[in-house]
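I opened this notebook to record what I looked up in the structure below. The entries follow the order in which I consulted the model.

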Amino acid sequence: MTACAIEPPSTGEEGGVPGTGCAITADGAYAARLALDGDCWFPERWTLDGPEPYAVPLPGNQPEEPGTQVQPMADGRVLIHRAVERRHTFSLLYPTGPGTGELPLGTVECPEPGTRLTLLPPAPGGALAYALAVGPRSAVVWLVTGGAFGPERLAEVPGRCSGGVWLDRSGRLLALDRELGGRTKTVAVDLGRGGEISPLLQITEASEDRLLLADPDSGLLLISSDAPSPGQERLGWGVMGSTLPVRFPECLRLADSSVTPFAVQPEQVLTPEHCAVALRVDGPLGTWVGSWRPAERQVRPLAAPEGWLAGAGLWTRDGVLRLPYATPEVPCGVAELLVPRADRAGAAPAAAPAGDTAPDGPVRDGTVAGTPVVFRRTAEPEPPEPAVTRPVPLQQAPLGRLVTK
């Protein structure tokens, strides 16, 4: 079998969300994207929390450049990020009758050659928005909406950074994948403590480890790492603060395909193994959607709607996957796919699904949120689950409330 390629999270030029032109607020109320009218790009806001979705065009005085980023805010306004050479301007757009209102927020200058500034994924709460300026030697986190005097420089992280995953519901803890000393590891940046940096994910000293998604309610982490297969990225899962090893299920290795997790079912407190995870799969047959839970042994293929804004979507707490799509007949639509749990259909859940793999060779240690993570040979029996929890020493344990067994 040819192993799948893992797409690490990146804040590309498509709405601040990996691999998609559509960004969705954390609560699922609004979405925003660049829409195309002939040869002209313009911002468009989608309202998703009403009886049926609808779109509001927000065109400016001139067409937007294809690399312009947009992001919805909790109050219905849309943040727009425009780049002209090394100047990055930010504004809030809102409908004003037949026209579009625009509130300028300020400009960020990136004078150092090679620096790239992009929006981070929508923050919890939706009142604030952030950007990451990645330079050759360090990265800077900027608050671009919600500051008192325009964009504010919040933190500088040594090393070349990528990704961007929110770890809590307050929007205080941000995970970044940092390349330093020739290896990539995930660190947590505490924006409430002046950018204090803490190690978050290290499986082995020599492995390339990245955090793809995190669910603050259950502590479920979706990661990519070459620890089980050096030089080959694998998709795995763990639990923030857990004493159990990170696992790399065989069912997530899809032949000749890249697999990108893009949404996790929320509000599954203390039951990370039952969280539904939505996967974007790109392979020989095109792009399709998969559903997977850590307690299950298979990826379920789902029928994505025609015109799916690939890579965009969110789960409801009840296990309904909502996928936005646009076609000439339905320019603003949301498909809802119900994915029941396997154990509800009569299949027993598995805490350690068959087919999960660990790297060959001697036992190797790593850390997730400061807690030891041990890989063992597949043939060795797994240790019993600890009977009690223990604290996570993550810089005075800002993630302590997420410790699970």
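**Entry 1: a cavity lining**

I classed the lining of the second largest cavity and found five nonpolar, three polar and no charged residues. For these classes I counted Ala, Val, Leu, Ile, Met, Phe, Trp, Tyr, Cys and Pro as nonpolar, Asp, Glu, Lys and Arg as charged, and the others, Gly among them, as polar. The lining consists of Thr-25, Gln-71, Pro-72, Met-73, Pro-122, Ala-123, Gly-126 and Leu-128. The volume of this cavity is about 30 Å³, and the search of the whole structure gave two cavities of 30 Å³ or more. A cavity is a set of points, on a 1 Å grid over the protein atoms alone, where a 1.4 Å probe fits but cannot get out; lining residues have an atom within 4 Å of a point. Grid points are joined across faces, edges and corners, and a volume is the space filled by probe spheres set on the points.

**Entry 2: basis of the values**

I note that this is a predicted model, in which local features need pLDDT of at least 70 and side-chain atom pairs count only at pLDDT 80 or more, while totals for chains, interfaces and linings use all residues. Residues are numbered from 1 along each chain as its sequence is written, and side-chain values use heavy atoms, with hydrogens and water left out.

I looked up an open sheet of four strands, which has the order 2-3-4-5 and antiparallel pairing. Strand 2 (22–24) and strand 5 (54–57) each have a single partner strand, so one side of each lacks a neighbour in the sheet. Strands are DSSP runs (E, at least two residues), numbered from the N terminus; two of them pair if DSSP finds at least two bridges between them.

**Entry 3: strand 4 and its partners**

I found eight antiparallel bridges between strand 3 (residues 30–37) and strand 4, with Phe-42 as the bridge partner of Ala-35. These two strands form a hairpin with two residues between them, and Gly-38 in the turn has a positive phi of about 70 degrees.

With strand 5, strand 4 (residues 40–47) pairs over four bridges, again antiparallel. Tyr-54 is the bridge partner of Thr-47, and Val-56 of strand 5 stands opposite Arg-45.

How many residues of strand 4 are buried? I counted six of its eight residues as buried, meaning under 20% relative accessible area with a 1.4 Å probe and protein chains only.

Methods. On a 1 Å grid over the protein atoms alone, a cavity is a set of points where a 1.4 Å probe fits but cannot get out, and a pocket is an open set with protein on both sides within 12 Å along at least five of seven lines; lining residues have an atom within 4 Å of a point. Buried means under 20% relative accessible area, exposed over 50%, partly exposed in between (1.4 Å probe, protein chains only).
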